[in-house]
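Dear colleague,

Please find below the structure that I am handing over to you.

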Amino acid sequence: MARVVVDVMPKPEILDPQGQAALGAAGRLGFTGITEIRQGKHFEIEVDDTVDDATLEKIAEGFLANPVIEQWTITRVDA
Amino acid sequence: MSARIGVITFPGTLDDGDAARAVRYAGGEAVPLWHADEDLRGVDAVVVPGGFSYGDYLRAGVIARFAPVMTPVIEAARAGMPVLGICNGFQILCEAGLLPGAMIRNQGLHFICRDQWLRVENSDTAWTTRYDTGAEILIPMKNIDGCYMAEQSTLDELEGEGRVVFRYVGGNPNGSRNDIAGIRSENGRVVGLMPHPEHAIDALTGPSDDGLGMFFSAVDALVKA
């Protein structure tokens, strides 16, 4: 068994209206020095030993993320 | 022979009732299709209606894209069957790879619900032959993930090949690239748009009957075929 973390983020060139809204709100709340907020998704996946890296890549690219608008990283975390 | 047009219902679909009604108004036979169906019950065309299939979990349209009924839809669409995706249906067709691009959250973050003017940019599709190119139509839109995004190379291709079918007029409501409200596949058989033609088929219940032309166009295409 292993834990895999997949982080999905909007591509840098894609507008992120939710991150922009959070950035604006942070300023209104009085937090200074924040220059950028981007919002993404974080998946924690438990897999058994039959799930290889190629399969994880397929799950991320075809399902958890949409390559048109998002990029992703896959990290195996030691159990 | 009347045209048999399937209307898919996924868990969370909202507009299947109105889509079926629009098909009947245009003289077609509306055939209900369920997300778990593995065949298309012999239909000649399919409407993928709007709503919030699977609660928009993960990403709008992505879980519906993997529902059993989508396997024969994708296969038939690639073979030339007319398919119309409206709102969430458009998102599903993009996720399925039948149309390019993707929808993201509206710029400004508002759920936008209003009657929207569109310009018909291409009447050479299975769903738009009843319109004159350049005609302006008024139909409702209601969504929060309606901002059309695609890579610049994809946009250039869509524009160059006349595959933008509908464009917002009177201002861009949501940040969609190139004011795009709807697009078509290369062969013109698959069309997707964010606003809702099925809600504008009778002045009694909608802002106009401008949306009915899309369903008449499909019935024309099928009866001729």
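Please note that the model is a predicted one.

The interface between the chains

The size of an interface is often given as the accessible area lost when the parts come together. For chain B and chain A, the buried area is about 1300 Å², and carbon and sulfur atoms give 69% of it.

The polar side of this contact can also be described. Between chain B and chain A there are two salt bridges. In a salt bridge between the two chains, the side chain of Glu151(B) meets that of Lys11(A), at 3.2 Å from N to O. Six residue pairs are in polar contact between chain B and chain A, with both residues at pLDDT 80 or more.

The largest pocket

Which residues are the closest to the centre of the largest pocket? The space in this pocket is about 540 Å³. Its lining has 27 residues, and the closest to the centre are Gln18(A), Lys41(A) and Glu70(A), together with Arg59(B) and Arg105(B). Two or more residues of the lining come from each of these elements: strand E1 (2-10) and helix H1 (17-28) of chain A, and helix H4 (88-95) and E5 of chain B. By class, the lining of the largest pocket divides into 13 nonpolar, six polar and eight charged residues.

The cavity

The count of cavities of 30 Å³ or more comes to one. The largest cavity has a volume of about 50 Å³. Its lining is made up of Gly51(B), Phe52(B), Asp56(B), Cys87(B), Asn88(B), Gln91(B), Asn143(B), Ile144(B) and Asp145(B). Of these residues, three are nonpolar, four polar and two charged.

Salt bridges over all chains

Over all chains, the structure holds 18 salt bridges. One of them joins the side chains of Glu95(B) and Arg59(B), at 2.8 Å from N to O. This pair links distant parts of the chain, 36 residues apart: Glu95(B) lies in helix H4 of chain B, and Arg59(B) in the loop between strand E3 (45-48) and helix H2 (62-65) of chain B. Arg59(B) was also named above among the residues closest to the centre of the largest pocket.

With kind regards

Terms used: Residues are numbered from 1 along each chain as its sequence is written. Chains are lettered from A and ligands numbered from 1 in the order in which they are written. This is a predicted model: local features need pLDDT of at least 70, side-chain atom pairs count only at pLDDT 80 or more; totals for chains, interfaces and linings use all residues. Side-chain values use heavy atoms; hydrogens and water are left out. Buried area is the accessible area (1.4 Å probe) that two parts lose on being put together, summed over both. A salt bridge is a side-chain nitrogen of Lys or Arg within 4 Å of a carboxyl oxygen of Asp or Glu. A polar contact is a pair of N or O atoms within 3.5 Å; within protein, one must be able to donate a hydrogen and the other to accept it, and residues adjacent in sequence count only if both atoms are side-chain atoms. On a 1 Å grid over the protein atoms alone, a cavity is a set of points where a 1.4 Å probe fits but cannot get out, and a pocket is an open set with protein on both sides within 12 Å along at least five of seven lines; lining residues have an atom within 4 Å of a point. Grid points are joined across faces, edges and corners, and a volume is the space filled by probe spheres set on the points. Helices (H or I, at least four residues) and strands (E, at least two) are DSSP runs, numbered from the N terminus. Ala, Val, Leu, Ile, Met, Phe, Trp, Tyr, Cys and Pro count as nonpolar, Asp, Glu, Lys and Arg as charged, and the others, Gly among them, as polar.
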